[in-house]
Amino acid sequence: MIEIRDLSKRYGPIHALDGVSLTVHRGSVTFLLGPNGAGKSTLLNIICGVLSPDSGEVSVCGHDMLNDPVRAKRSLGCVFEDSPLYADMTVVEQLAFTATVFGMGAKDAEREIERVIQLCDLEQCARRGIARLSKGTRQRVSLAQALVHVPKALVLDEPASGLDPLQGESFLRALSSISRETAILYSTHSLREVESIGTDAIILHEGKVVESGGIRGILDRANASNMDEAYSQLISAQGVNRRE
Amino acid sequence: MNNFRSTFAALLKKEIKHQFVSGSGTVSILFFTIVVSGAFFGGLINPGGGIFRGIVSLVPFVSSFVIPIASMSIWSVERKRGTERLLASYPVAPFFVTLAKFIALMVDWIAMLLLCAPIALMPGVAPEPGILFATFAYLILFGAAAMAFGQFLSGLFTNAIAAYLASAASMLLLTFSQLFMPLASVSDGVLSALARASFAWHLDSAARGVFDSGDVLFFALPAILFLLLDSWRFSSGRIHK
């Protein structure tokens, strides 16, 4: 479970996050939505322990990210935007490296590497160098390395951008298959992804949460038939509120 | 404890492999060995103060170009490719990530020294074993200070060439600041401090067989300071791309 309380982060005069609170439960796929510059990547980088907040609390499976980062990170898998990976490693070497850094023993690591290679459709390129992979394959390797240590919570920052429709389907299937055991927080601009596997959504605008909850509830409150409509209404309303 | 050992070993292995795959380690080791042995066998070392002292005084100058080659990409490539974020998300204390990088750089440095060590044992060069041992110890400390400094600077850039230029320029200044020594007697202020900050000045006392705790601190303290600064930079998350 991921819990965030009153999180704030400023870049100079700009409030990237302003008092954000949210909870992502085990078994839920919570989508993080918002226009560019809403603070989504800042929020995910703070949850992953990559950025420090100015104030507030982040806890992953009961471990405080600021005071006990090693334990908190052990329970968390992160997929970053642009899928950063070590270009001088092969897919298997990258996965083995991640598994070892997360403290897995050799036998467990071997078993889990095999599992995530199958889960993310990487059998064909398991021994290939990462530098030679296509963008879509790198994104699947990125997901595999986030899952190899069997995290209890998973954070994904636009992981499916740039995937072709078939790769996108396979990516979402892989996520769906682990969602019962994991708390997933998924940032995206694609509302199609939300409707296919999402259980909850959080909408950020200018560093603040403007709507959150179950997807059914968000649609009802916005009196909308789909997420596209609900999202447009909520974001337009924010613009109107600010002008008033 | 076992988990920690294997985690640290994995980080270290990754860094050492990077040094050789990226070419930074290989090029710096070859460059250093060729230049130092070329200077010796080519008769370019002035034997005025003894050949051994000549070799030792050449090291800071050559290192000003070579150590930045080894250290320039240790962080800058991670920052450029975004893998610094990946490293920061791993369950490892930031100091151990920076320590693994530093040890990988020291592997390069020790390889450079060992490859040139036979020169010190040649007839007409070999000093007393005590001096030889002290000089080797000083050179390791000198390399530790220079590598930690280069590593810290590499973390401030996403461009490895910019990291190289900043590191080489700073090291050249610290090497040639010894030239201010004659002026230091006239004015005992900044010039004196600059002269005493010279790498070559502190290494020369080692080659003369003078073992001074001040010289040891001169090299050890910057090594520790820059490692801690590097770890702080990495953990503060202020410079992640």
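Strand β4 (residues 55-60) of chain A is joined to β5(A) by two bridges. The two strands run antiparallel. In this predicted model, Ser59(A) stands opposite Asp64(A), a residue of β5(A).

The pair belongs to an open sheet of four strands in chain A, ordered β2-β1-β4-β5. Pairing in the sheet is antiparallel. Its edge strands are β2 (14-24) and β5 (63-64) of chain A, and each pairs on one side only. In general, strands of a sheet pair through backbone hydrogen bonds.

Next, the contact between the chains. Chain A brings 21 residues to it and chain B brings 23 residues. On the side of chain B that touches chain A, α1 (2-21) and α5 (83-88) of chain B each supply at least two residues. Helix α1(B) gives the most, with nine residues. By residue class, that side of chain B divides as follows.

| Class, side of chain B touching chain A | Residues |
|---|---|
| Nonpolar | nine residues |
| Polar | 10 residues |

One residue of chain B deserves a separate look. Ile74(B) lies in helix α4 (residues 73-81) of chain B. Is Ile74(B) buried or exposed? Ile74(B) counts as buried, because it has 29 C-beta neighbours inside 10 Å, and the cut-off for buried is 20 or more.

Beyond its neighbours within four places in sequence, Ile74(B) is in contact with Lys101(B), Leu105(B), Gln151(B) and Ser154(B). Ala160(B) is 86 residues from Ile74(B) in sequence, yet the C-alpha to C-alpha distance between them is 8.6 Å.

Terms used:
Residues are numbered from 1 along each chain as its sequence is written. Chains are lettered from A and ligands numbered from 1 in the order in which they are written. This is a predicted model: local features need pLDDT of at least 70, side-chain atom pairs count only at pLDDT 80 or more; totals for chains, interfaces and linings use all residues. Two strands pair if DSSP finds at least two bridges between them. Two residues are in contact if their C-beta atoms, placed from the backbone, lie within 7 Å. Ala, Val, Leu, Ile, Met, Phe, Trp, Tyr, Cys and Pro count as nonpolar, Asp, Glu, Lys and Arg as charged, and the others, Gly among them, as polar. A residue is buried if 20 or more other C-beta atoms lie within 10 Å of its own, exposed if 12 or fewer, and partly exposed in between; C-beta atoms are placed from the backbone.
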